[in-house]
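Please look over the sequence and the 3D structure shown below.

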Amino acid sequence: MKFGILTSGGDCSGLNAVIRAICLYIEQNVKNAEIVGIPDGYGGLIRGESFPLKQEDFSDILDRGGTILRTSRQPFKMMTVAENGSSRLQRMCENYRRMGLDCLFTLGGAGTHKTAALLSMEGCNVVGLPKTIDNDIYGTDVTFGFQTAVEVATEAIDRIRTTAASHGRTMLIEIMGNKAGWLTLHAGIAAGADMILIPEIPFSVDRVCDFVAAQRGAGKAYTIIAVAEGAVLASEVKFKKSERVFVRTERGESTVTQHLAEVLQERTGYETRSSVLGYLQRGGTPCAFDRLLSSRLGGYAAQLAASGKFGVTAAVAGNRITFNALTEIAGKYKLVAPDGDIVRFAKSIGIGFGV
Ligand code: F6P
């Protein structure tokens, strides 16, 4: 059998651990197997590029951040648009066949899974793997890369806490997550944030100001607010993302965090600062949890492929590794439930959500 592997979308820790586990499983269990890497995600498949993945390529990469295959973002909406006589989807299917692949492993997030479902519907044998620091892939309890990002963000908040305390400041820490607030929620709780603002729970600036003033009035010397980059003001919910960006740019503010920091300082009178964690959360060595999860998912996905099970993506359900049909999960997101267990718990210990 000939297997291809690609990594697509924003990178995260654990991609190399998955690649290694897929290759090790195949090496140990499939006779006369050939494995190729496809560079730059779907970009490489569109261009028809591949290279052999040999033992020396996939040993010693378990703990390495990033992806040895490189990655790129390829917008889903462009996949079926005809350009110079054929669409990107058609070119990918042609190249899949020309390369003589029996199976393609696609390591990626929600967008990657949508394209993987298309490829599968066009007759390519695809097995997906759930990657993202956002933890928003439908049908899996957890994605690889998420826990490492939680560790990074938690440590960052811990560090900011000491400087917040020294100065008696309100500190806003902007954490990645455009549609989903999982990372902000988990890191915020783990680091003892006073308030957590996430896209799923639109907030009111008035409520945030009241909360900070009340806490300080009750003797709290500083305030820590974890803000997801995709957090929205209740008054902005009616706007599309592009319209929100336009309105903020018009006001001279690039992000909701910046807006909130300025308003908070002005209205509460307490010095307020913000820090954007950004790509720190995607880089570096995977934590032990992600190394184990990535290895289990990679081995399991290779086992599915070797047994001829395609059109699926590996997933975690409880403590079990399982799979979902790509067509069942494509286009769906797993978001934080505003009235779910974890939010209710956070509220029960006094964490504010700006509502
Ligand atoms: O991969 C997920 C993610 O890190 C999001 O949390 C973030 O909004 C986005 O990717 C950033 O994307 P890019 O790498 O294209 O700037």
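The protein chain falls into two parts, domain 1 (2–145 + 286–329) and domain 2 (147–282), with bounds that come from an automatic or database domain assignment. Where the domains touch, 14 residues of domain 1 and twelve residues of domain 2 take part in the contact, which here means heavy atoms within 4.5 Å. The C-alpha centres of domain 1 and domain 2 are 34 Å apart.

This is a predicted model, in which local features need pLDDT of at least 70 and side-chain atom pairs count only at pLDDT 80 or more, while totals for chains, interfaces and linings use all residues. Residues are numbered from 1 along each chain as its sequence is written, and side-chain values use heavy atoms, with hydrogens and water left out.

Which residues surround the ligand? They are G10, R73, I133, D134, M176, G177, N178, E229, Y279 and R282, where a residue counts if one of its heavy atoms lies within 4 Å. Domain 1 and domain 2 each supply at least three residues to this shell.

One lies 2.7 Å from a polar side-chain atom of D134, and one is 2.5 Å from an N or O atom in the side chain of E229. For G177, a polar backbone atom is 3.3 Å from a ligand oxygen. Such pairs are polar contacts, meaning N or O atoms within 3.5 Å.

Note on methods: A polar contact is a pair of N or O atoms within 3.5 Å; within protein, one must be able to donate a hydrogen and the other to accept it, and residues adjacent in sequence count only if both atoms are side-chain atoms.
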